[in-house]
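Please look over the model shown here.

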Amino acid sequence: MSLRKRIFFYLVVVLICTVPVLLAGEIYFRYFSDAGYVTPEILKKRSLHYIPSMFSKAVFPQEAFVAEGWKKIQYRINSLGYRGEEFSADKPAGVIRIMVYGGSAAFDLGAEEGQDWPHQVQAMLREQGFGGVEVINAGIPNHASWDAVGRLFSEGHLFSPDIVVLYETWNDIKYFRDERALLRAYVARGVPTNPLLDYQGGLDRFLCERSQVYVRLRDKYYRYKLSLGLEGAEGPPEEVRDSIGETGPRQFRMNVASFVDVGRNAGAVPVLVTQARLVRADNTDEEKERIGHGFVQLTHGALVQAYQVADGILGDVAAEKGALLIDAAAEMGKSAGAFHDHVHLTPEGSVRLAAIVARELAPVVAEVEGGS
């Protein structure tokens, strides 16, 4: 047999073997997989929507929608751009309004709708007899403390909150390794693109709309190539640092102090909460595997140090400014079962954190109620 005939024969054999497999894969992914027929465009429509903001990285648009998030949890975003049921922009008479600011840990990515810990705080306080309490979950994934200051300053105060709560550390620690000022370290790029949700050219779109096998393979490829996780792409391993700088903690102190001041300027009682987390000096190897060191670009020892510094700043600012500090980190202790990863809570963790915060807020709510 000539070389050309042999090549043709092998190509035919390969086609006979692979075509049925590809067809079987297409049928399975389209009709029997949990996700069904999906494309990046469809996944993008199902995901949380963000729009650019002058005073923070990004915000949810002011339109009601339901998004599918982590572990296929449904997130309801109301028409004012906050997680949860609708609420009136003008605070009704008799309502004691609490706004909880922070990143994904405040948003509570792992909680089913209505079971996020801020809304569980609302339910617990109402069960204690504070029927007029209304909690607004103002958490937005990836937000740091300076985003909270900007959003409270530029919109939150218009909702006339009685109490404002700051629950954020992890996203600030991402800047603890950088000695540049925040003005230089963070460059606004609008809403970032995501190759899992955005087509990478015309050919990519053509293939995605016609082959579910291709869609699944490209998903795995981009997750592996870019080290994509829940918080985007992890940094390169060679740039991980074993210590923190001074600029990031100084900025964090400024952010926290400013949050307290802006809250008081808005007529609200400011409350600071240390962030409950899996991170500890004595984490087991299994627990360390669940902690996204690559997102903060710090070794485990440096991450532990960063949290100790951040907790100290929260305590110092609370003492200096006479603000309430809730030490949730200390109270949550070593309960690994309360966390999916470094800071994101399991349903058990959401209940525990809500109980701690509700208990500590009850006297504050009573004082506000008595003074109204």
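The report below describes a predicted model.

## Overall build

The protein chain contains 15 helices and 11 strands. Along the principal axes, its C-alpha atoms fill a box of roughly 95 × 45 × 40 Å. Of its 372 residues, 49% count as buried.

The accessible surface of the protein chain is about 18100 Å², and carbon and sulfur atoms account for 58% of that area. Among contacts between residues at least 6 apart in sequence, 73% join residues at least 24 apart.

## Helix α13

Helix α13 covers residues 300–321, a run of 22 residues. Just after α13, Gly322 has a positive phi of about 65°.

Buried residues in α13 include His300, Leu303, Val304, Tyr307, Ala310, Asp311, Leu314, Val317 and Ala318. An α-helix has 3.6 residues a turn, so residues three or four places apart point the same way.

The structure holds one cavity of 30 Å³ or more. About 100 Å³ of space lies in this largest cavity. Its lining consists of 14 residues, and those nearest its centre are Asp172, Tyr175, Leu182, Gly248 and Gln251.

Two elements, α7 (182–185) and α10 (247–265), each give two or more residues to the lining. Helix α10 provides the largest share, with five residues. By class, the lining has seven nonpolar, four polar and three charged residues.

Key. Residues are numbered from 1 along each chain as its sequence is written. This is a predicted model: local features need pLDDT of at least 70, side-chain atom pairs count only at pLDDT 80 or more; totals for chains, interfaces and linings use all residues. Side-chain values use heavy atoms; hydrogens and water are left out. Helices (H or I, at least four residues) and strands (E, at least two) are DSSP runs, numbered from the N terminus. The expected span of a helix is 1.5 Å times one less than its number of residues. Buried means under 20% relative accessible area, exposed over 50%, partly exposed in between (1.4 Å probe, protein chains only). On a 1 Å grid over the protein atoms alone, a cavity is a set of points where a 1.4 Å probe fits but cannot get out, and a pocket is an open set with protein on both sides within 12 Å along at least five of seven lines; lining residues have an atom within 4 Å of a point. Grid points are joined across faces, edges and corners, and a volume is the space filled by probe spheres set on the points. Ala, Val, Leu, Ile, Met, Phe, Trp, Tyr, Cys and Pro count as nonpolar, Asp, Glu, Lys and Arg as charged, and the others, Gly among them, as polar. Contact means heavy atoms within 4.5 Å. Accessible areas come from the Shrake-Rupley method with a 1.4 Å probe; for residues, only the protein chains shown count as cover.
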